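Hi everyone, thanks for coming.

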Amino acid sequence: MTIEHHVGDERLLAYGAGTLDEATSLLVAAHLALCPACRSDLELAEAVGGALMESDRLAPPADETVLDALVRCIACEDDEGSAAAAAAPLGPFVLPQPLRGYAGGDVAGLRWRSVGGGIRQVPLKTHGAGATARLLSIPAGKSVPEHGHSGFEATLVLAGSFYDRGSWYRRGDVGIADSAVVHRPVAGPEEDCICLAVTDAPLKFVAAVPRLLQPFHGI
Amino acid sequence: MKAPGNVIGFPRRSFGRASAGRSEPADATDEMSDRLLAVAEHGDRAAFAVLFRHFGPRVRAYLLRAGGDAGRVDDLLQETFAAVWRKAGQYDSRRATAAAWIFAIARNRSIDAFRRERRPEFDRQDPAFQPDPQPDGEETLATRERAESVRAALAALSEEQREVLRLSFYDGESYAAIAIRLGIPVGTVKSRARLAFRRLRAVLGGRREELR
């Protein structure tokens, strides 16, 4: 699996620094679970952080009472034994963590709700006033009605594929659209396309019917 | 179970390698990575104590910069090192120095503690996680070499670029906050960060292009 479309340096580094909103952080974390290249970039940022921390020689010496408390803590953890370690969940899963946690399970076990045109969604609960996140399922070969954007839209493919503006997007790929983009992504023919969509403003549908439905479905 | 005998003896191999190092007594890179591996491999409490004495003060200083009061910072310090003990088995010396790995844990703890919204993380143990491809022997730098090349790459940046990276990667400030602090436009902060990061990647991130 080769990922061709990434989240972008700025978003990745903001995720690393902890300055990105929760919904977009969820998308970046799910992309990172699938993308060794972006993890390697994040590790580069951490290497810089580690080097800066290492070079800090002004700090007062360690507090031995904290160390004592830690060692006591470790001792009682050992007493409880390693049997307490949680059993690893059994795959395979379509949704990587942390997505399953937000959705409450993997794709097949979710309560999908129709938004029209065969497209179904599962809204994900994130905090903060900014962006919102939802899982979308687009039937194989079908298109999302043509729409523009008031803000930014990022779409991470989790199953199947979609075609948009000259490129294919497959599992792990992230499509980014901003207010300059009006598009009509089409799901690949092989299977239903499952993706995570994060938007920071409602979409602007071009045709009248989805526009009329929009207030009810909230996309 | 408590094993008091274990607390006294240091792992022998660490001493041999540290003393064979060049005349930089302050560079504890290899030694610390070895200690972390000793914690992972046989729950070495003496090695853990060495790690705490070396990194504890630095992690505490970092957490104080990140904005905690002293009481909260001491809790977070303890949480960080409890996680170092618990997760040591996940440490991979081919991917990170001990400093970078412990920094990432401390940073994640401070983000969880100091920001209101959650910041979800991926999970390497998850069955749906896409593992790293096996690195070729040649391109895997020794921990010390990597630490040195990070320092050299940082030193080669302009003062302005370094400052933005420090505020962003280390202090965890947003570009908007950095712009206010430095009295420059957000666009300038972004372009400095982007250029600095690209230069670092050009020097250090040879794997990136290959992984793409």
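So, chain B and chain A together bury about 6300 Å², and 63% of that is on carbon and sulfur atoms. Buried area here is the accessible area, taken with a 1.4 Å probe, that two parts lose on being put together, summed over both.

A word on what you're looking at: this is a predicted model, where local features need pLDDT of at least 70, side-chain atom pairs count only at pLDDT 80 or more, and totals for chains, interfaces and linings use all residues. Residues are numbered from 1 along each chain as its sequence is written, chains are lettered from A and ligands numbered from 1 in the order in which they are written, and side-chain values use heavy atoms, with hydrogens and water left out.

Back to the interface. Chain B brings 63 residues to the contact and chain A brings 71, with contact meaning heavy atoms within 4.5 Å. How many salt bridges are there between chain B and chain A? The count is 9, where a salt bridge is a side-chain nitrogen of Lys or Arg within 4 Å of a carboxyl oxygen of Asp or Glu. One to click on is B:R53 with A:E64, whose closest N and O atoms are 2.8 Å apart.

Which element gives the most to the side of chain B that touches chain A? That's α4(B), with 11 residues. Helices here are DSSP runs of H or I, at least four residues, strands are runs of E, at least two, and both are numbered from the N terminus. By class, this side of chain B has 35 nonpolar, 6 polar and 22 charged residues. For those classes, Ala, Val, Leu, Ile, Met, Phe, Trp, Tyr, Cys and Pro are nonpolar, Asp, Glu, Lys and Arg are charged, and the others, Gly among them, are polar.

Now, inside chain B. The axes of α8(B) and α10(B) come within 9 Å and cross at roughly 95°. Axes are lines fitted to C-alpha atoms, for helices over the stretch in contact, and angles run from 0 to 180 degrees between N-to-C directions. So α8(B) and α10(B) are roughly perpendicular to each other, a label that covers 65 to 115 degrees, with under 35 roughly parallel, over 145 roughly antiparallel and the rest oblique. Residues in this contact include B:F169 of α8(B) and B:F197 of α10(B), and the whole set divides into 9 nonpolar, 1 polar and 3 charged.

Two backbone spots before I stop. The peptide bond from A:Q97 to A:P98 is cis, with omega near 10°, and A:P98 lies in the loop between α4 (64–80) and α5 (99–103) of chain A. Then there's A:R165, which has a positive phi of about 45° although it is not a glycine; look for A:R165 in the loop between β6 (161–164) and β7 (167–170) of chain A.
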